[in-house]
Amino acid sequence: MSDAIQSTVSKRRLRVLTSSGFAHFIHDGLTDTVYVLLPLWAAGFGLSHAQVGLLKSCLSTGLALFQVPSGYLAERFSERSVMVFGTALAGVGFLGLAVVESFLGMAIFLFAAGVGCSVQHPIASAQVSTAYANGRRRAALGTYNFIGDLGKVCIPAGVAGISAVYSWQVGSASLGTLGVIAAAILYVILSRIGMQDQYKRESRSVVNTISSEKHSGWGIVDRYGFSALVVISMIDSACRFGVLTFVPFVLISKGAATESVGFALALIFGGGALGKLICGLVAERMGILKTVVFTELSTVLLIFSVLFIPLEWALVMLPILGVALNGTSSVLYGTVGDFIDSERQAKGFALFYTFGIGAGVAAPFGFGLISDVWGLQTAVSTMAMMVLLTLPFCLVVQQSLANIPRRA
């Protein structure tokens, strides 16, 4: 490869990573700010834990149902149009939440926000995975996820501050306005870089793919390995969604003020951002199996620690919990591309995210029911023990990867 071609590919890779990272920053910030608003809604509307979980499930349902359609729309139309429309729809959803006065209205607007935010992961992840198909894919996706987690830190903390000073209605309106403005910004920057289609045309001449044959359908090159990876993601997502939904209530039960929960969540998200960056890089050196086993076992221990230790120490442990809780997902995302043909990345990522987020649809409501019947400690303990179910599937993924020619 000539120096000129190498320079062109490197610049385009950086542009793709930057634009995808910005979209990830906004969308993850939008969706995860819901964890800040849930305790405020519970206090304001007198909601049970099952109702709180159901509201979170409405957002997750929108996210899960439209992952695959987003991948198809991205192939049929322009990625730019799908990304911009989805971001704008998410903003409108949160603007609606600022004026809604009923549980049903909240559920509808949360579902709409979830539909809008569903476009980002399959499109942006596929962009980065394709751009770095012959480069440091896991490191690039780890960086992409790190930027997304920065959004989880900054945006929820900002909305928490606004809600504490004014009200959650003002906080939600600010969040919706941010989404609409971000849609306009994305339209401009994605128009300038041209997104995936142009990059694919150029990269075909300089990047080696996993094989010369075309894989039909979803483009999955190892069904056993991909299926095991999906199961791990489902269990991990169910636990993560459950923990983020109900840890605020654990802190409140220990004496934390409802208005301060947003800042406690920012500690988890901050640790999560660091965890995704570090674990993506660690997996490059230590391997997927060792990294995932370590993060999952750490997650179990840290959940129990936060559950049973005093409030002051629990707050200290939250960033560390964030590292373990989100570190696994970074390794999983970086591995998806190894099981999918380079021509089917958007569809493959969409399928992966559908199952992962789909598990998160039922989890908050299910754990909420457990909490209402048997208590909050039982529900959170159940989340922790579920994580151990991922370990056998890690072996399947490791074995499958050994039989696939590496592209990254």
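## Two helices side by side

A helix here is a DSSP run of H or I, at least four residues long, and helices are numbered from the N terminus. An axis is a line fitted to C-alpha atoms, for helices over the stretch in contact, and angles run from 0 to 180 degrees between N-to-C directions. This is a predicted model, in which local features need pLDDT of at least 70, side-chain atom pairs count only at pLDDT 80 or more, and totals for chains, interfaces and linings use all residues. Residues are numbered from 1 along each chain as its sequence is written, and side-chain values use heavy atoms, with hydrogens and water left out.

Helix H5 (residues 79–97) packs with helix H9 (residues 168–193). Their axes lie 7 Å apart, at an angle of about 170 degrees. H5 and H9 are therefore roughly antiparallel (over 145 degrees). Their contact has 16 nonpolar residues, seven polar and one charged. Nonpolar covers Ala, Val, Leu, Ile, Met, Phe, Trp, Tyr, Cys and Pro; charged covers Asp, Glu, Lys and Arg; the others, Gly among them, are polar.

## Salt bridges

The whole structure holds three salt bridges. In each, a side-chain nitrogen of Lys or Arg is within 4 Å of a carboxyl oxygen of Asp or Glu.

Asp28 pairs with Lys152 (3.8 Å, N to O). Asp28 lies in helix H1 (residues 3–32) and Lys152 in helix H8 (residues 137–165), so this pair ties together parts 124 residues apart in sequence. Lys152 also meets Asp32 (3.8 Å, N to O). Asp32 is in H1 and Lys152 in H8, so this pair ties together parts 120 residues apart in sequence. Lys152 is buried, at 7% relative accessibility. Buried means under 20% relative accessible area, exposed over 50%, and partly exposed in between (1.4 Å probe, protein chains only). Asp32 is buried too, at 9%.

Asp236 forms a salt bridge with Arg240, with the closest N and O atoms 2.6 Å apart. The two are four residues apart in helix H11 (residues 223–253), so about one helical turn separates them. Both Asp236 and Arg240 are buried. Shared partners join Asp28, Asp32 and Lys152 into one network.

## Around helix H3

Ser57 lies in helix H3. Ser57 is buried, with a relative accessible area of 5%. The C-alpha atoms of Ser57 and Pro364 are 6.4 Å apart, yet 307 residues separate the two along the chain.

Leu54 lies in H3 (residues 49–65). Leu54 is partly exposed, at 34% relative accessibility.

Terms used: Angles under 35 degrees count as roughly parallel, over 145 as roughly antiparallel, 65 to 115 as roughly perpendicular and the rest as oblique.
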